[in-house]
Amino acid sequence: MKRIIVGISGASGAGLGLRFLKALPGELEKYCVISNGAKQVLLSEEGRKEYMEFEAIQTKDNKIFILEDSDMGACIASGSFVCEAMAVIPCSQNTLAKIACGISDTLITRAASVMIKEQRKLLLSPREMPLSPIVLENMLKLSKLRVIMAPPIVGYYAGGDLESIEHMLIGKWCDSLGIPYKYKRWGE
């Protein structure tokens, strides 16, 4: 794998999307899109300092490229720009519904649509509870299209603190996308 897209949409837990991005192997080119809603969540849940530090990590050396969600002409909006995988962590219910219905009005939803049409790996991490019948129908519809539905569901074997649990979630997402990542697995 050479390239991955990480979309961070406006659901609680947007900081987990940042931690997933930072945990990806250094050799991968990483294209990150943060929705306006996610920026608001990051400021609210993570604090201004965390969000501003993230903005500073974009360099060609670490292969992280931050794209604007409004930039519909960005490279990842085209199937001819090959990205082998995409993850939307967290995936808001609005973003999930748009992807399920083929609405491509943001760069995140357009890139997801490209991944589906090109039959490339797409992982969505819906972050909501309880799940309504509408959300479940959208998840089923996308799952039938081979979209990986991977909500951040806790594996209690990971450990008792939040960092251990997040480490396990990142590991599970990496496993689903075929990206090597070391984490505490069941029975280890």
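A search of the whole structure, which is a predicted model, finds eight salt bridges. Side chains of opposite charge can pair when their charged atoms come close.

One of the salt bridges joins the side chains of E166 and R19, with a distance of 2.9 Å from N to O. This pair links distant parts of the chain, since E166 lies in helix α7 (residues 162-177) and R19 in helix α1 (residues 14-23), the two being 147 residues apart. E166 has a relative accessibility of 15% and therefore counts as buried, the limit for that class being under 20%. R19, at 26% relative accessibility, counts as partly exposed. The pair also belongs to a network of salt bridges, in which R19, E46 and E166 are linked.

E118 takes part in two further salt bridges, one with K117 and one with R120. In the bridge between K117 and E118, the closest N and O atoms are 2.6 Å apart. In the bridge between R120 and E118, the corresponding separation is 3.8 Å, which lies within the 4 Å cut-off and so counts as a salt bridge. The relative accessible area of E118 is 32%, so that E118 is partly exposed. K117 also counts as partly exposed, at 47% relative accessibility. R120, in contrast, is buried, with a relative accessible area of 18%.

Helix α7, which contains E166, has 16 residues. The expected span is taken as 1.5 Å times one less than the number of residues. The buried residues of α7 are I165, E166, M168, L169, I170, G171, W173, C174 and L177. After α7 comes G178, whose phi is positive, near 75°.

Methods
Residues numbered from 1 in each chain as written. Predicted model: local features only at pLDDT ≥ 70, side-chain atom pairs only at ≥ 80, totals over all residues. Heavy atoms only, no water. Helix = DSSP H or I, 4+ residues; strand = E, 2+ residues; numbered from the N terminus. Buried < 20%, exposed > 50% of the residue type's maximum accessible area, 1.4 Å probe, protein only.
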